[in-house]
Amino acid sequence: AFLVMAAATLLAALASGCGGSSEAAPLKKPQFVKEANAICATAQGERKAQVEALAEQSENSDGSEDAKEVMQTLLEPVGKMSDELGDLGPPKGEEKEVKAIIAAYEEGASKLEADPGGPDSVSAFDKANELAEAYGLTDCTI
């Protein structure tokens, strides 16, 4: 029930924020953290559903899926999450920290897209996760 309420609140906030202004009004940190965690929880749910769908699909296929294609599917929610976090108005004076978190998620996604099975594949989001957790975004870890 909480997740449904959070999603509804988030959708309402996003809908009201689509008026064409380039910068969202700054939020107080508790409100920012609450809304950001709701965005992340939604993205994590989407990612989990995609992982399950891909696992089911791979059981019923010949295994010919391209690793990059699979990775792009798994990274879609991360990209969406980064975009939505960027659309929130960061608290005054904390814009730099919020931008660093978003940039770290985008960097991790870029690493995985470039080399899905490479040496960075396990640790691609370590920096982003560390920054997000330190900021209070506990639902954003990947």
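A salt bridge is a side-chain nitrogen of Lys or Arg within 4 Å of a carboxyl oxygen of Asp or Glu. The structure above is a predicted model, in which local features need pLDDT of at least 70 and side-chain atom pairs count only at pLDDT 80 or more, while totals for chains, interfaces and linings use all residues. Residues are numbered from 1 along each chain as its sequence is written, and side-chain values use heavy atoms, with hydrogens and water left out.

A search of the whole structure finds two salt bridges. In one of them, the side chains of Lys-111 and Glu-107 meet at 3.9 Å, N to O. Lys-111 and Glu-107 are four residues apart in helix 4, so about one helical turn separates them; helices here are DSSP runs (H or I, at least four residues), numbered from the N terminus. Lys-111 is partly exposed, with a relative accessible area of 33%, where buried means under 20%, exposed over 50% and partly exposed in between (1.4 Å probe, protein chains only). Glu-107, at 41% relative accessibility, also counts as partly exposed.

Lys-80 forms a salt bridge with Glu-46, and their closest N and O atoms are 3.2 Å apart. Because Lys-80 lies in helix 3 and Glu-46 in helix 2, this pair ties together parts that are 34 residues apart in sequence.

These two helices also pack against each other: helix 2 (residues 29-59) and helix 3 (residues 67-87) have axes 9 Å apart and meet at an angle of about 170°, the axes being lines fitted to C-alpha atoms over the stretch in contact and the angles running from 0 to 180 degrees between N-to-C directions. That angle makes helix 2 roughly antiparallel to helix 3, a term used for angles over 145 degrees.

Helix 2 also holds Asn-37, which counts as buried because its relative accessibility is 11%. Leaving aside residues up to four places away in sequence, Asn-37 touches Gly-136, Leu-137, Thr-138, Asp-139 and Cys-140, where contact means heavy atoms within 4.5 Å. Gly-136 follows helix 5 and has a positive phi, near 105°.

Which residues of helix 5 (residues 126-135) are buried? They are Ala-128, Asn-129, Ala-132 and Tyr-135, and they cover an arc of only 135° around the axis, which puts them on the same side of helix 5; the arc is that of the directions from the helix axis to the C-beta atoms. These buried residues pack against helix 2 and helix 4 (95-114), whereas Lys-127, Glu-130 and Ala-134, on the other side of helix 5, are exposed.

How values were computed: Parallel < 35°, antiparallel > 145°, perpendicular 65-115°, else oblique.
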